[in-house]
Amino acid sequence: MEPVVLSNNISPILEALTNPEVLRVVLGFFIFLFLIMSAILVFHWHRYGMKSRVIVVAEIVFFIGALFFMLTAAFSIFLF
């Protein structure tokens with residue numbers, strides 16, 4: 001009995017996603033999206049007077065957490 005092959009079309013996609021150059025482009029795209037969304041978020045925080053201590057702490061936690069995840073992703077890709 002022969003094994004069941006669902007699709008051979010997924011192989012090129014997997015090969016592209018394991019290519020470090022492609023991963024770097026994808027990371028750059030997500031960093032770009034993150035910067036746009038963060039700029040909008042910070043704009044709204046400041047525009048609508050959300051300058052309380054809690055919001056400032058939330059901004060700090062948001063950006064430290066985001067920096068941690070972005071650096072982890074970048075190091076993982078560049079060491080891949």
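Author: Let us begin with the partly exposed residue Glu21, whose relative accessible area is 49%. The terms are these: buried means under 20% relative accessible area, exposed over 50%, and partly exposed in between, with a 1.4 Å probe and protein chains only. This is a predicted model, in which local features need pLDDT of at least 70 and side-chain atom pairs count only at pLDDT 80 or more, while totals for chains, interfaces and linings use all residues. Residues are numbered from 1 along each chain as its sequence is written, and side-chain values use heavy atoms, with hydrogens and water left out.

Reader: With which residue does the side chain of Glu21 meet in a salt bridge?

Author: A salt bridge is a side-chain nitrogen of Lys or Arg within 4 Å of a carboxyl oxygen of Asp or Glu. Here the partner of Glu21 is Arg24, at 2.8 Å from N to O. Arg24 is partly exposed, with a relative accessible area of 27%. Both residues belong to helix 2 (residues 20–47) and stand three residues apart, about one turn of the helix. A search of the whole structure finds one salt bridge.

Reader: How many helices and strands does the chain have?

Author: Helices (H or I, at least four residues) and strands (E, at least two) are DSSP runs, numbered from the N terminus. The chain has three helices and zero strands, in the pattern α-α-α along the sequence. Of its 80 residues, 12% are buried.

Reader: At what angle do helix 2 and helix 3 pack?

Author: Axes are lines fitted to C-alpha atoms, for helices over the stretch in contact, and angles run from 0 to 180 degrees between N-to-C directions. Helix 2 and helix 3 (residues 53–78) pack at about 175°, with their axes 10 Å apart. The two helices are therefore roughly antiparallel, a term for angles over 145 degrees. By class, their contact has 19 nonpolar, two polar and two charged residues. In this count Ala, Val, Leu, Ile, Met, Phe, Trp, Tyr, Cys and Pro are nonpolar, Asp, Glu, Lys and Arg are charged, and the others, Gly among them, are polar.

Reader: How many aromatic pairs does a search of the whole structure find?

Author: A pair of aromatic rings is described by the distance of the centres and the angle of the planes. Rings of Phe, Tyr and Trp (its six-membered ring) pair if their centres lie within 6.5 Å; planes under 30 degrees apart count as stacked, over 60 as edge-to-face and the rest as tilted. The search finds five aromatic pairs. In one of them, Phe68 and Phe69 have ring centres 5.4 Å apart and planes at 65°, so the pair is edge-to-face. Phe68 is exposed, with a relative accessible area of 53%, and Phe69 is exposed, with 58%.

Reader: Which residues form one aromatic cluster?

Author: The cluster consists of Phe34, Trp45, Phe62 and Phe63.

Methods. Parallel < 35°, antiparallel > 145°, perpendicular 65-115°, else oblique.
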